[in-house]
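Hi,

Here is the structure I promised to pass on. Please have it open while you read my notes below.

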Amino acid sequence: MSPPESDPPEIPLSGGTANSGRVVRIGDQVARPAHPQSRTVASFLQHLQSALGNSVPAALGYDDLGRQRLRYVPGQAVMAPHSSWAFSDALLVQVADLQCRLHAAAESFVVPDDPVWAVTAGDYFPHEATGDLVCHNDLCMSNVIVDESDTTAVVGVIDFDYCRPVDRRFDIAVAARHWVPFGMVHGDALPDGLDRVARFALFCNRHGLSEDDRSVVIGLAISFLDKALVNVRSLADNGGVGFQQLLAGGYEATNRATTEWLNTHRSQLSLAT
């Protein structure tokens, strides 16, 4: 009898802030730390699978080490330092369209009894974000997976740890903050000539947002950034390595500069078509 095949090696995956250094790929699966909200997240992922298939990771339970197991979404994460293709209008449109599909699929999701949502230091969610639609709420660049042979083609989205019911415009605000973007992304300088007002209009147009909606999105983005200052500091103080690295990379200055840019361009952003 031939000896049993050994398990595939564990390959560390880069990206992520809250789980930095603790996510690995094992063959066609991902193992990552389990959290109190993981079972509720798994229920949401199971629902999304029916509409979006492999665009979202399938929840596969837990391993002997207590880690959550998920189906690996093949492709390339949009990671820093960012290549110029990460800021193409074609990719921006694909991200907005995927977010629209997520929102449409979530409308029929029945939240399980006694759900558990992520608890975040400093409250990640502004009170104005309250709503009824379960959204991703962290559609940053590193959580989007693109085709390795066509970087304008979005194939999936990962890391649903922060999903919970919100006003969908909050989910849009968080995504736009990273993808328009409203400020530097992980310290990267923005490409020369990037028209962020036009890109915000393009992103909002894909979502069918009115002028009033766009104004709300901008306000939510500012509130989110204000909360994030408290959130990141607290998580860093509590030993979060990824958050410590964010602060060391100048996060606080970037956050304040982003808020200033939003306040300066608020009227242009709301009216741009």
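Which residue in β9 is the bridge partner of Asp 147? The partner is Asp 150. Before going further, please note that this is a predicted model, where local features need pLDDT of at least 70 and side-chain atom pairs count only at pLDDT 80 or more, while totals for chains, interfaces and linings use all residues. Residues are numbered from 1 along each chain as its sequence is written, and side-chain values use heavy atoms, with hydrogens and water left out.

First, the strands (DSSP runs of E, at least two residues, numbered from the N terminus, like the helices, which are runs of H or I of at least four). Strand β8 (residues 144-147) runs antiparallel to strand β9 (residues 150-157), and 4 bridges join them. A hairpin through 2 residues links β8 to β9. β8 also pairs with strand β6 (residues 76-77) in the antiparallel sense, over 2 bridges; pairing requires that DSSP finds at least two bridges between two strands. Here, Ala 77 has Ile 145 of β8 as its bridge partner.

Now the helices. Helix α5 (residues 211-237) packs against helix α6 (residues 241-248) at an angle of about 120°, their axes 7 Å apart (axes are lines fitted to C-alpha atoms over the stretch in contact, and angles run from 0 to 180 degrees between N-to-C directions). That makes α5 oblique to α6, the term for angles that are not under 35 degrees (roughly parallel), over 145 (roughly antiparallel) or 65 to 115 (roughly perpendicular).

Best wishes
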